[in-house]
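Subject: Handover of the model and notes on it

Dear colleague,

Please find below the sequence and the structure that I promised to pass on. My notes on what was found follow after it.

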Amino acid sequence: MAELIYTGIASLDGYVADRHGNFDWSAPDEEVHAFVNDLERDAGTYLLGRRMYEVLSVWETLGGSDDPPVIQDYGRIWRAADKVVFSTTLDAPLAARTTILRSFEPDAIRDLKERSGGSIGIGGSTLAANALRAGLVDECRVFLNPVAVGGGLRFLPDGLNLRFELQDERRFRNGVVYLSYRTVP
């Protein structure tokens, strides 16, 4: 069975975007980006909310021969994966290998986990909140940035009552800290 892995880049105070939707403070440097690439390499499918999909769809064209190797590498990873976008407003795919679904159905995600070969990444904190509440997420990976933004869109939703077990950690030269937690049933 495939594992469903929620990965995000957050501020030290727990936000993936500030009150204005800004997340420019979260851009990874080359060291962090290369580490992310290695983590994402086995993802066969990404489950994404509309806003996260719109942000990530630039990887359809990023990663050309003029780009740095770390960018080329992630472009290949993105283009090789299937994307499932949950949106009531998106009319047409912005990237190849994309399926648009109008609603989040936990049973459909359970079925996908049963039949998938690689891991399944979930991106976007609103979508991830639904999966966390449904007990579908196997692992949470967070890259904590040394910045506080004071409010906005949270990495983990308010009211979530889950236990986690630390399974990995890493500190980067730029002050970012990576933490990986398994959900505890």
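Which residues in α4 are buried? In α4, the buried residues are I109, L112 and K113, where buried means under 20% relative accessible area, exposed over 50% and partly exposed in between, with a 1.4 Å probe and protein chains only. Seen down the axis of α4, these buried residues fall within an arc of 100 degrees, so they line one face of the helix; the arc is that of the directions from the helix axis to the C-beta atoms. The face turned away from the buried side of α4 carries the exposed residues D107, E114 and R115. Among the elements that cover the buried residues of α4 are β1, β3 (43–49), β4 and β6, with contact meaning heavy atoms within 4.5 Å. Helices (H or I, at least four residues) and strands (E, at least two) are DSSP runs, numbered from the N terminus.

Before you read on, please bear in mind that this is a predicted model, in which local features need pLDDT of at least 70 and side-chain atom pairs count only at pLDDT 80 or more, while totals for chains, interfaces and linings use all residues. Residues are numbered from 1 along each chain as its sequence is written, and side-chain values use heavy atoms, with hydrogens and water left out.

Turning to the strands, 6 of the 7 residues of β3 are buried, so β3 is largely enclosed by the rest of the structure. β3 pairs with β6 in the parallel sense over 5 bridges, and A43 stands opposite S119 in β6; two strands pair if DSSP finds at least two bridges between them. β3 also runs parallel to β4, to which 5 bridges join it, and there the bridge partner of G49 is F86 in β4.

The largest nonpolar core has 23 residues, of which L4, Y6 and L47 touch the most other members; such a core is a set of buried Ala, Val, Leu, Ile, Met, Phe, Trp, Tyr and Cys residues joined through side-chain atoms within 4.5 Å. At least two residues of this core come from each of β1, β4 (82–86), α4 (106–115), β6 (119–123), α5 (125–133) and β7 (139–145), and α5 supplies the largest share, 4 residues. A second, separate core of 15 residues includes A43, Y53, I71 and I77.

Y6 also takes part in an aromatic pair. Rings of Phe, Tyr and Trp (its six-membered ring) pair if their centres lie within 6.5 Å, and planes under 30 degrees apart count as stacked, over 60 as edge-to-face and the rest as tilted. By this rule the count comes to 10 aromatic pairs. The ring centres of Y6 and F155 are 4.4 Å apart and their planes are at 10 degrees, so this pair is stacked. The pair links distant parts of the chain, with Y6 in strand β1 (residues 4–11) and F155 in the loop between β8 (153–154) and β9 (163–171), 149 residues apart. Y6 is buried at a relative accessible area of 1%, and F155 is buried at 8%. One aromatic cluster is formed by F35, F143, F172 and Y178.

Finally, K83 lies over the face of W78, at 4.6 Å from the ring centre, and the charged end of R154 sits over the ring of Y15, 5.2 Å from its centre. A charge sits over a ring if NZ of Lys or CZ of Arg is within 6 Å of the ring centre and within 35 degrees of the ring normal.

With best wishes
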